Amino acid sequence: MSIESDKTRPEKPGEKNCPGCGIPYDETAVSAAMRTCPACGWHYRMEPAERIAYLADKDSFTEFSANLRSLNPIDLTGYEKKLSEAEEKARMKDAVVTGTCTVEGRPLILGVMSFQFMGGSMGSVVGEKVCRALLKGAEEKTPVLIYTTSGGARMQEGIFSLLQMAKTSSAAAELDKSKVPFFIMLCDPTTGGVTASFAMLADVILAEPGALIGFAGPRVIEGTIRQSLPEGFQRAEFQRDKGFVDTIVPRKDQRKIISTLIDLHSHPAS
Ligand SMILES: [Zn+2]
């Protein structure tokens, strides 16, 4: 369940030209435009710290469950080393950050995944943190929004990683029962076990422009069905046209759209 690299999409900035329009990559200009191309709006991948900084109201984000760390439940050789390398690279303890914040003054429980941390794979810590975020939303009657980016289940944790699909799905059901809105923002790429569980269970499913969204990646599918796939296959726009995504929200509009959605889905206590 791992995502293969995709030639049409930059792994991260550092490539010389924008994949959307071909202009030379300029770190300052891209940074100033929320990591999008200032000429064509191409969305580069973004890590949790930057997302939280632009999405949450200033100084409103308070992280919870910050110290959860993965064990090595199936005693896989080399997994601990991989984890510490990932921790150093992404400067996070696992592939998701969760916390409370406000967006334009509206309280929100926010989870943001990191692709840099072992490809955003979902192991027991990601599953537990997503679960806690969803259950906290149910308990406190606060809307939940999760930004997803993932290559799928963390196979280094064997069955424990697959269990997270059922676990996060049942937490999403609890949130649903409590009538608290759940929003998802699918970011590039969201695949595998994350797509096959909580990422598709939100009340409103949003996506960033151009994000790859699917279960297996396009090359695996092409190899399996031995047919070439249509252009733009599994991109956010394709998935919107097919009904998997409700709407596509460019980064610059996300604060506005999210606060509007919170308002639209809130109802006075009765
Ligand atoms: Zn461009």
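Does Lys81 count as buried or exposed, and at what relative accessibility? At 57% relative accessibility, Lys81 counts as exposed, where exposed means over 50% relative accessible area, buried under 20% and partly exposed in between (1.4 Å probe, protein chains only).

## Basis of the model

This is a predicted model, in which local features need pLDDT of at least 70 and side-chain atom pairs count only at pLDDT 80 or more, while totals for chains, interfaces and linings use all residues. Residues are numbered from 1 along each chain as its sequence is written, and side-chain values use heavy atoms, with hydrogens and water left out.

## Salt bridges

With a salt bridge taken as a side-chain nitrogen of Lys or Arg within 4 Å of a carboxyl oxygen of Asp or Glu, the count comes to 20. Lys81 is paired in this way with Glu85, at 3.1 Å from N to O; because the two are four residues apart in helix 3 (residues 79–90), about one helical turn separates them. Helices (H or I, at least four residues) and strands (E, at least two) are DSSP runs, numbered from the N terminus. Glu85 is partly exposed, its relative accessible area being 44%.

A salt bridge also joins Asp263 and Arg106, whose closest N and O atoms are 2.6 Å apart. Asp263 belongs to helix 9 (residues 254–265) and Arg106 to strand 3 (residues 106–113), so this pair ties together parts that are 157 residues apart in sequence. Asp263 is partly exposed at 40%, and Arg106 counts as partly exposed at 23% relative accessibility.

## Strand 5 and its neighbours

Nine of the nine residues of strand 5 (residues 182–190) are buried, so the strand is largely enclosed by the rest of the structure. Strand 4 (residues 144–150) pairs with strand 5 in the parallel sense over six bridges, pairing being assigned if DSSP finds at least two bridges between two strands; here Val144 stands opposite Phe182. Strand 5 also runs parallel to strand 6 (residues 204–207), to which four bridges join it, and Ile184 has Ile205 as its bridge partner there.

Helix 5 (residues 159–177) includes Ile159, which counts as exposed at 52% relative accessibility. Gln164 also lies in helix 5, but counts as buried at 5% relative accessibility, and its side chain reaches the backbone oxygen of Phe160 at 2.7 Å.

Notes. A polar contact is a pair of N or O atoms within 3.5 Å; within protein, one must be able to donate a hydrogen and the other to accept it, and residues adjacent in sequence count only if both atoms are side-chain atoms.
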